[in-house]
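Take a look at it first.

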Amino acid sequence: MSLQNQKRGRRKMTDVRGLSCPQPVLMMMKVMQSHEDSYEVLSDQIVSVENIKRYAAREGYSADVREENGEFYMTLTKCVG
Amino acid sequence: MLSDLKKRKWMLFGVGGMVGILSALLSFAGNPTNMGMCIACFIRDSVGALKMHNAAGTCYIRPEIIGIVLGSFAISLLKKEFAPKGGSSTITRFVIAFFMMFGCLMALGCPFRMVLRMAGGDVNAMLAIIGFVAGIGVGVIFLKKGYSLGRSYRQSKAEGCVLPVIMCILLILAIIDLFYDILATTAFGEGPGGMHAPLLVSLIVGLLIGCIAQRSRMCMAGAFRDLMLFRDGSLLRILLGVLAGALVCNLILQGLVSTEILNDAASRSFFRLGMADQSIAHTNVFWNIVGMFPVGMASVLLGGCPLRQLVLAGEGNTDSVACIGGLALGAAFAHNFLLASSAAGPTDAGKIAVCISIVVIAFIGIANTKKE
């Protein structure tokens, strides 16, 4: 697998499961300092999903959330323009 | 987009306003003035009713506490947000909450009551908030340095239902007590515990506030914490809403009572600006401020103020249940060893206890901060 594929196929997932407020957002703040085009987040609390979503929106990212067995997979994507 | 954002801001303010009005109305319905709702005092009263301390006038099972937990429990079940979990340094949380109670009882109230007191014109509370915000500031520094109590993990539904079941049993006890006085609470007529709204009113308002607080994630400490950390004023808007709602409600009640349109048997005052003669308060500025300092710090280290802990406990967070246990034990301890203040002012033992609280909570903060 080429390096580029690896980058495209396996983005690093930030695991914020079980962390109490406001640590999930703090964690994302740190991670998002790298200013990449997209990030993946795994959470088990709707509250952290909402908080991260709000933070990401202010940083110019849109969020896509899907739920599976009480866990939330979030994809943050940089909005163009 | 912008109008959506504006709408949300007003909605948060309105949500807080509703809770503020409900709390102020509880005072009118019989709770002490400026104390329509207080998580610390009401846990203290409930613990007293169960004879874990015998401080005169502070013994009554407060249906508001039961209501908040059950309200949050019911709405989280309905919204599929009931998710039992725990195991994030449970014992440490218990200890933080235990020491937090000493601060609450020094300044005579939890952060939520502090806001209600401000809405009643109590200048002591307006000064105490300095200590609270300073404590939150220190907590935020810990967070920025990498403080964490670790992750929580999923637990069984049964584990998450323990506190709601306990609350149901307490409710049954309270109802039986109403008719047969099995807890002998009527013997304690004098004092804040003797002043209370009718059981059903307290319970319904508690349930409503529990539902609203669960949906809005309201938290008195989170209000300042999020502002400091993220420049996010969402929770602060709710706090300001509570303040405004309670203030307007108090002013209207005061107006109606003083013009004798409304007849208040005890001719209580619902709004009085000043420091002296406030309801269940003392005027020691220094210790009001110092007392709220560990409360602010502890609220940040725990991830929420006492009200938020009740709501989280209703959602199945057993770490928060441990917090409530810590608060309850702290309250019993504080009254058995005369650490709690009264209208006469703080006690010497209480001052020492608050100093110890600050040291212990700060130590826990340092011990759980990992350098990355």
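This is a predicted model: local features need pLDDT of at least 70, side-chain atom pairs count only at pLDDT 80 or more; totals for chains, interfaces and linings use all residues.

Residues are numbered from 1 along each chain as its sequence is written, chains are lettered from A and ligands numbered from 1 in the order in which they are written, and side-chain values use heavy atoms, with hydrogens and water left out.

**Where the chains meet**

Chain A puts 23 residues into the contact, and chain B puts in 23 residues too; contact here means heavy atoms within 4.5 Å. About 1,800 Å² is buried between chain A and chain B, with carbon and sulfur atoms giving 46% of that area. Buried area is the accessible area (1.4 Å probe) that two parts lose on being put together, summed over both.

How many salt bridges are there between chain A and chain B? The count is four, taking a salt bridge as a side-chain nitrogen of Lys or Arg within 4 Å of a carboxyl oxygen of Asp or Glu. One salt bridge pairs the side chains of Arg54(A) and Asp232(B), at 2.9 Å from N to O. Polar contacts between chain A and chain B come to 10 residue pairs, both residues being at pLDDT 80 or more. A polar contact is a pair of N or O atoms within 3.5 Å; within protein, one must be able to donate a hydrogen and the other to accept it, and residues adjacent in sequence count only if both atoms are side-chain atoms.

On the side of chain A that touches chain B, α2 and α3 (46–58) of chain A each supply at least two residues. The largest share of that side is from α2(A), with six residues. Sorted by class, the side of chain A that touches chain B has 10 nonpolar, six polar and seven charged residues. For the classes, Ala, Val, Leu, Ile, Met, Phe, Trp, Tyr, Cys and Pro count as nonpolar, Asp, Glu, Lys and Arg as charged, and the others, Gly among them, as polar. Helices (H or I, at least four residues) and strands (E, at least two) are DSSP runs, numbered from the N terminus.

Glu71(A) belongs to strand β4 of chain A and is buried at 16% relative accessibility. Buried means under 20% relative accessible area, exposed over 50%, and partly exposed in between (1.4 Å probe, protein chains only). The side chains of Glu71(A) and Arg17(A) make a polar contact of 3.1 Å. Not counting residues up to four places away in sequence, Glu71(A) has contacts including Arg66(A), Asp44(A) and, over in the other chain, Arg154(B).

Over in chain B, Arg44(B) sits in helix α2 and is buried as well, at 5% relative accessibility. The side chain of Arg44(B) has a polar contact of 2.8 Å with that of Asp45(B). Setting aside neighbours within four places in sequence, Arg44(B) contacts several residues, among them His53(B), Met101(B) and His335(B).

Pro22(A) lies in the loop between β1 (13–15) and α2 (23–31) of chain A.

Leu50(B) is in the loop between α2 (39–49) and α3 (63–78) of chain B, and is partly exposed at 33%. Its C-alpha is 8.3 Å from that of Tyr60(B), 10 residues apart along the chain. Beyond four places in sequence, Leu50(B) contacts Ile61(B), Leu170(B) and Leu173(B).

**Cysteines**

With a disulfide taken as a pair of cysteine sulfur atoms within 2.5 Å, the count over all chains is zero. Cys59(B) has Cys41(B) as the nearest cysteine sulfur, 13 Å away, and Cys59(B) is buried at 1%.
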